[in-house]
Structure formats: C-alpha cells, structure tokens
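This briefing goes through one structure by topic. Please have the sequence and the 3D view open while reading.

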Amino acid sequence: MSVIDLMKERYSCRCFLERQVEPEKLEAVLNAGRIAPTAVNYQPQRVYVIQSDEGLAKIRQATRMAFNAPVVLMFCYDDRVVWNNKRDPGYNSGEMDVSIVATHMMLAATELGLQTLWARGYATKDIVEAFNLPEHMHLVCIMPIGYPDPEKGKPSPKHFDRRSLEEQVTYL
Ligand SMILES: Cc1cc2nc3c(=O)[nH]c(=O)nc-3n(C[C@H](O)[C@H](O)[C@H](O)COP(=O)(O)O)c2cc1C
C-alpha cells in the first residue's frame, strides 16, 4: 500500500472486536514509533502498553475514551530527557516528539489491519492518578488499538469532512 493510500485507510475507530492484537503486530507497531524522528534525537517518549485486565479496567474507569479496545497505548514524554529550546525559553519539544511517534504507530497499525483512536478528551489528572505516573512524566494522549467492529466501528461522518486546501494552505 502506498503511504497516501495508507493515510486514506486510517480512521478513528470507537468500537473494536474482542479479538486480541497479535504480539508480533503490537511489537511492529511499537517499533514503528521507535524509528520516529525527535528533537536532537533525545527520544523523550515513554509509551505504556495497557492490555492486562487490571490495566484496561483502570483506563476505562479513568476515561471513556479508551472505548472497548483490547490494547490502549498511553503516550508520555519524560521532562528529564526532552529537548528545551534555549532560544525560546519555556518551549520543549515533548508534545511534538510524542505526536510524531504516535502518528508513526497509528499508520503502522492501519497497515496491519488494525484501527486506532487518537484520544485527548480526558482529564489528565484522572489518568495520572489511576496509573500513579511520576511528576516528570507528561501525558500527551492515549490511543486505543484493535480490530474494528465491522458495524459499530465504522468511520464517523467527521472522517469524510475536510476543509478545502484553500482554507488550510497559504502560499507566501
Ligand atoms: C489531538 C486529537 C485529540 C482527539 N481526541 C479525541 C477524543 O478524545 N475522543 C474521540 O472520540 N476522538 C478524538 N479525536 C479524533 C478526532 O475526532 C478525529 O480524528 C476527527 O474527527 C477526524 O476523524 P478521522 O480520524 O476518522 O478521520 C482526537 C484527534 C486528535 C488529533
């Protein structure tokens, strides 16, 4: 599949089959994130794989954005490792680094017949407390992953609604 076709194949999935994600597929997804670029190659991303019954119960209790996925990735960056831009005090690349890593994983998952949801509609505190994340770990997003339910896991109408290039792009 070309990269463009793969991008078209991806959509936000909010209902998954009970089918488990094969360990080799999960590892391939995680490795796709490992090769992502990060600022100064500091690689501050820390990815928690939530797939135990206990972990899934915790994340589902903390947010409904985990839906019924058999695996939920929790993406964080470690502020002891992240790049701080000295020319722009107060700026660090953590959210950007993690977003690239998560995008790599999202597309790799799609190529393997899985679907994902990028989710940020939770209260950070609820998840941080549920998993007792240390202070230096910053939660960026969570990503449910699994095989889409062929009926309830179809793309939502929003998937097909994109603004025109004219609205989004300005040539200077
Ligand atoms: C930063 C970000 C946060 C999002 N948070 C949520 C969320 O909390 N819950 C949800 O159902 N979808 C969430 N989404 C998914 C978007 O709603 C979805 O990508 C958008 O509607 C386009 O649909 P598509 O992904 O199917 O193309 C989020 C997406 C992004 C990029």
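The model discussed here is predicted. Methionine 1 has 10 other C-beta atoms within 10 Å, so methionine 1 is exposed.

**Methionine 1**
- Methionine 1 belongs to the segment that comes before helix 1 (3-9).
- Leaving aside residues up to four places away in sequence, methionine 1 touches Leu6 and Glu111.
- From methionine 1 to arginine 163 there are 162 residues in sequence, and in space the two are 25 Å apart, C-alpha to C-alpha.

- The open sheet has 4 strands in the order 1-2-4-3, with antiparallel pairing.
- Strand 1 (45-50) and strand 3 (115-116) are at the edges; each has a single partner strand, so one side of each has no neighbour in the sheet.
- The antiparallel pairing of strand 3 with strand 4 (residues 137-146) runs over 2 bridges.
- Glutamine 115 has glycine 146 of strand 4 opposite.

**Packing of helix 2 and helix 4**
- Two packed helices are described by the angle between their axes and by the distance between those axes.
- For helix 2 (residues 23-34) and helix 4 (residues 94-111), the angle is about 145 degrees and the axes are 7 Å apart.
- The crossing of helix 2 with helix 4 is right-handed.
- On the helix 2 side, the contact is made by Ala28, Val29, Leu30, Ala32 and Gly33; these meet Val101, His104, Met105, Ala108 and Ala109 of helix 4.
- Sorted by class, this contact of helix 2 with helix 4 has 8 nonpolar and 2 polar residues, and no charged residues.

**Ligand surroundings**
- The ligand is surrounded by 13 residues, of which Tyr11, Ser12, Gly121, Lys158 and His159 are the closest.
- The shell around the ligand has 6 nonpolar, 4 polar and 3 charged residues.

- Phenylalanine 67 is not a glycine, yet its phi is positive, at about 45 degrees.
- Phenylalanine 67 is found in the loop between helix 3 (53-62) and strand 2 (71-78).
- With 19 other C-beta atoms within 10 Å, phenylalanine 67 is partly exposed.
- Asparagine 132, also not a glycine, has a positive phi of about 55 degrees.
- The loop between helix 5 (124-131) and strand 4 holds asparagine 132.
- Asparagine 132 is exposed, because 7 other C-beta atoms lie within 10 Å.

How values were computed. Residues are numbered from 1 along each chain as its sequence is written. This is a predicted model: local features need pLDDT of at least 70, side-chain atom pairs count only at pLDDT 80 or more; totals for chains, interfaces and linings use all residues. Two strands pair if DSSP finds at least two bridges between them. A residue is near a molecule or strand if its C-beta atom, placed from the backbone, lies within 6 Å of it. Ala, Val, Leu, Ile, Met, Phe, Trp, Tyr, Cys and Pro count as nonpolar, Asp, Glu, Lys and Arg as charged, and the others, Gly among them, as polar. Axes are lines fitted to C-alpha atoms, for helices over the stretch in contact, and angles run from 0 to 180 degrees between N-to-C directions. A crossing is left-handed if the near helix is turned anticlockwise from the far one by less than a right angle, and right-handed if clockwise. Two residues are in contact if their C-beta atoms, placed from the backbone, lie within 7 Å. A residue is buried if 20 or more other C-beta atoms lie within 10 Å of its own, exposed if 12 or fewer, and partly exposed in between; C-beta atoms are placed from the backbone.
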